Amino acid sequence: MWLIPEEVLLANALWVTERANPFFVLQRRKGHGRGGGLSGLLVGTLDVVLDLSARIAPYRILHQTQESQIYWNIAGGTSRKEITRHWEWLEKNLLQTLSVFDNEEDVTTFVKGKVQGIIAEENKNKEAKEDEDCGKFKEAELKMRKLFGMPEVEKLVNHYSCSYWKGRVPRQGWLYLSVNHLCFYSFLLGKEVKLVIRWVDVTQLEKNETLLFPECVRLSTRDSEHYLSMFLNINETFKLMEQLATIAMRQLLDNESFAQDPSLPKAPKPLKHSSTLKRDLDARAKNEQYRSTFRLPKAERLDGHTECTLWLPFGKMHIAGQMFVSNNYICFASKEEDACNLIIPLRDVTIVEKADSSSVLPSPLSISTSSKMTFLFASLRERDFLVQKISDFLQRTPSWGRVGWGRGHCEFTCCFSVADFRWPGEGDSGSPSTPNPRGGTTSEPFIYCSESIPTATHALRAIFPILDVLLLQVKEKMKEELWNIHFVEFGRGVCMYRTPKTQELVLRGLPESLRGELWLLFSGALNEMVTEPGYYAELLARSLGRSSLATEEIERDLHRSMPEHPAFQTETGIAALRRVLTAYAFHNPNIGYCQAMNIVTSVLLLYCNEEEAFWLLVALCERMLPDYYNTRVVGALVDQGVFEELTREHLPLLYEWMQELGVISTISLSWFLTLFLSVMPFPSAVLLIDCFFYHGIKLIFQVSLAVLEANQEQLLNCADEGEAMTVLGRYLDSVCIKRNSSPSTSHLQPPASDRELPPPQIDIFELINSSYEKFGTIRAEAIEQMRFNQRLKVIQSLEDSAKRSVVRAILTDTAFSVEDLEDLYLLFKAKHLTSCYWGGNSSAADRHDLSQSYLEQYRIDADQFCQLFAALAPWACGPHSHVLAARMFRLLDHNSDSLISFKEFVIGLSGMYHGDLIEKLKLLYKLHLPPGTSPIVNPHPPLSPRPHPQCESEQFIELCKTLYNLFSEDPEEGGLYQAIGTVASLLLRIGEAGKQVSRPPGRGNGNGNTGNGSPGNPGNGNAGISAPRSPAVELSPAGEGLPSSDEELRDDTSLSSYSMVSAGSLRCEDIGEDTVLVGCPRPAPGDWAVSLQQILASVLTEPLLVTFFETRGDIRPRIIQCKRQRVVERQQSSCSEQDLSSSSST
């Protein structure tokens, strides 16, 4: 690049002059390129260790005059090609002009002005775009792209100085963390180390301690382990590595690629040590932690946080903590964990007041809400900013759009209507629904609060009450009274103070009448529901009458959802469950429907109306139990691994025995997916769900550990998995509410056998309290860290399982070995992933369709196929390879969507490697006919039952070119050339003979000759070609009288009756793009044609050709060579360093 001229006092220090003229000098920095000796090694090492190479270009051009000792740096380059281009421009455009100047000062002034003019012109032509990254970071990014051949779309996130352990020797260098790759570079005393790892290949990432270094990062892939140490800030680096690895796992899991957040505010000034991408990732991590802590919707973005105090009216004291402000909420969390949490939706705020500051109460701020609660904050540093933000929100939000939470219901100021939803089989009979007040069965809208659908406004428990005993009713009244007292003291709704007193009441069990309200509150589903009113009704309207795979699965499972409960023995409950599950399937098609969702949703419907149950299901599936209910239940498998890790930590003796029995992996899925509903009596499981909505997944882990700990002695005595499962099953079935005099009823478990004594009853409250006492120290942060580690293992394990499934499915269709197919799958998948993060002609969603089978999920485009074809195909055609690859792609693209799957790719390769002579020739023949030669509009089937069309003269010439290029690297190259020349001559004769037979009588060839190809005929253009005549050649037009099907082609023995041309009849030359066969003038298009059968019959006359096509190839050497190449796609420069150095020396 051209540089603003700067003075250089010591021109030759650390630099080597390569070119010079009276006005300019081209120099290379020592330590770069060849030569340099010991000083070059030292300079190169210092540049890498001190990161000088990111700021100092290895090539530069200086301006000098003969009498001056001062040099001016006017250009720099990262490659020899770039600096040579500038040098040649100077020689061509300035050298002659400068020679006419008499004054050297004028020369320098002219050169400086010219260079500055070039820079100004370049800046003027560049597109104006905002770039917050500082110059130092840009230099580091350029260095990364140069060292590792990354394209411009690969963005550097940050770089760090560290040591990479190669063997027992640490190599000091620089670690580059980009969006898709981890790269390391070191150059010490002439030894260069490069490491490139894709994040999607990482199977384990953790911080370790070694004897030499207190902390290091261990990064594992399927094939190797790598250690990095001596970071200045290992926690920051490791956190960024975790974020980038998580992004890669999301890409594998649900096709979710990384996209920069457009709403991220611009930095006030360029960042010195990181990029905007790093800011983006840091902001995402803070947003995620903020949303997780306060259970807020996904759209919330944290604007900032500040230290403050909050007045607690119930405690008559100020408590220190932090205030968090986002687009729609103000939240508070005390410094003492779980002492007090508070959420204030801005939609509920009515008054904001700034009080006078005092020494006791500095910078106070009072916030009043529509629920008549007032919150007093103090010690606020950004009080004015907060007041302005709330004022802006109130101004842009109309009063009618705000909602408040009353006693068990949402108070909307407007009504939302839905259609009279009726699915097939959902009639009036058997349903206690009140008829439509509008009359008949019209499809006109009705008010959502109408009694036409009871479950729209009431929970199923209210419609189908279960008669409880008196003691239970009394107990429920006591619970309700305690909660009413709590509401008076701590507030009700979203703005309630959440304190240890709240947790204490939750552990006692929620009242039946308040359960739905409190579930919505603690899960955060209430916030989503009130911000999107009418959304559930819209989903129902969109899904009405539409069928999909998810709806079919829902129908199969509807009657398996708590069939013992009266609510689901009637069409009312079944219809409500159908509507909620169908609405969610349309809300989130990536999940759709998964078994176990029906069980959880049926419980939600018992205590909530349909809309509330829907939003609770959204909160469960997308926030509280992430990835649990996708097609591969990844979240449940991840938490299964977390549970195993927690068992190893807290119950080590039991863990080892359970691993031998293989029990943990069996029990955890059924426990977690249904939240114990499928393994525990219903009343007890509901109490666990109460605690789960308050404490999250931590509660499930605690109770699971408590169950194992309570049965530890019996489990250690179990001999096999079945016995252990029986012990745990009987224990969980005996969990009940002891203070309930009525027998516990398990809605989802059959009763114990009459021949066995019933196990002692286990009080659910004792089990919950025991889990908090013994395992309450488990922190949510530790669980998230374990989830990250397990997610890497689970997703990579699922990818390995998918690979094995693909190999098993395709093994019978090809002759490749299992090892070859597995390696081909990995290479194909690598190409697909490259297209996802480096762009292509189609979107990532088009290339990776998760709804398809594993065989069809990953797909590549034409450019990527051409790269794989050049590396793996046995038909090396030199410069003709890309043409052949493009034709092969079009032939394999059966549905004409410009993408091919792995199955199509492997079948094409298998035909080239393992086909017999007929199959290979047929493939080559097809490649030179449409759609191989040109794309077609209408999709074509992979195998056409019709006979193959004839090959016209133009296509035949292209086929000959391909055959000549196929033999270019064969040991029998000369003999093969002669053989194909003979075959080509024979086919030309056949074509000419067919043309003569097919001509109308009396029509000549334009030269007064018959054109029959006889020797000595000067008109046929085939002088020097001699062959005995065959009746088939004389009498039959092209393809007539020959077998038309492949079976006839294989069995027909008359093909050898074709005449054979002598080997020397056609001279053999390499056929290029513009070359024609020697002695065979290129016929005009449509002059004649030959068929596949004629080509095959002619090839059979040459043993060398038969041997060549009958020989089966081995793809293993090409796979090994491909795997040895760099994993990352490299940008190839037009000339190498060696070529340029040799050219510069001449």
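Predicted model: local features only at pLDDT ≥ 70, side-chain atom pairs only at ≥ 80, totals over all residues.
Modeller: A salt bridge here means a side-chain nitrogen of Lys or Arg within 4 Å of a carboxyl oxygen of Asp or Glu. Glu 819, Asp 820, Asp 823 and Arg 1116 are joined in a network of them.

Colleague: OK. How many salt bridges does the structure hold?

Modeller: There are 36. Take Glu 307 and Lys 335, whose closest N and O atoms are 3.6 Å apart. Glu 307 sits in strand S13 (residues 302-312), while Lys 335 is in the loop between strand S15 (329-334) and strand S16 (341-345), so the bridge ties together parts 28 residues apart in sequence. Strands (E, at least two residues) and helices (H or I, at least four) are DSSP runs, numbered from the N terminus.

Colleague: Is Lys 335 buried or exposed?

Modeller: Lys 335 counts as exposed, at 60% relative accessibility. The cut-offs are under 20% for buried, over 50% for exposed and partly exposed in between (1.4 Å probe, protein chains only).

Colleague: What does Asp 690 meet in a salt bridge?

Modeller: Arg 515, at 2.8 Å from N to O. Asp 690 is in helix H22 (residues 682-695) and Arg 515 in helix H12 (residues 515-523), so that bridge ties together parts 175 residues apart in sequence. Asp 690 is buried at 0% relative accessibility, and Arg 515 is buried at 2%.

Colleague: And what about Asp 639, which residue does its side chain meet?

Modeller: That would be Arg 787, again in a salt bridge, at 2.8 Å from N to O. Asp 639 and Arg 787 are both buried.

Colleague: New topic, rings. How many aromatic pairs turn up in the whole structure?

Modeller: The search finds 38. Tyr 535 and Phe 614 make a tilted pair, 6.3 Å centre to centre with 50 degrees between the planes. Tyr 535 is in helix H14 (residues 535-543) and Phe 614 in helix H18 (residues 610-624), so this pair ties together parts 79 residues apart in sequence. Both Tyr 535 and Phe 614 are buried.

Colleague: Which other rings form a tilted pair?

Modeller: Phe 865 and Phe 869 do, at 5.9 Å centre to centre and 40 degrees between the planes. For the terms: rings of Phe, Tyr and Trp (its six-membered ring) pair if their centres lie within 6.5 Å, with planes under 30 degrees apart stacked, over 60 edge-to-face and the rest tilted.

Colleague: Where do Phe 865 and Phe 869 lie?

Modeller: Both are in helix H31 (residues 862-872), four residues apart, about one turn of the helix. Phe 865 is buried at 3% relative accessibility, and Phe 869 is buried too, at 2%. They also belong to one aromatic cluster, along with Tyr 825, Phe 828, Tyr 858, Phe 889, Phe 902 and Phe 905.

Colleague: Last one: how many residues of H6 are buried?

Modeller: In H6, 16 of the 21 residues are buried, so that helix is largely enclosed by the rest of the structure.

Definitions and conventions. Residues numbered from 1 in each chain as written. Heavy atoms only, no water.
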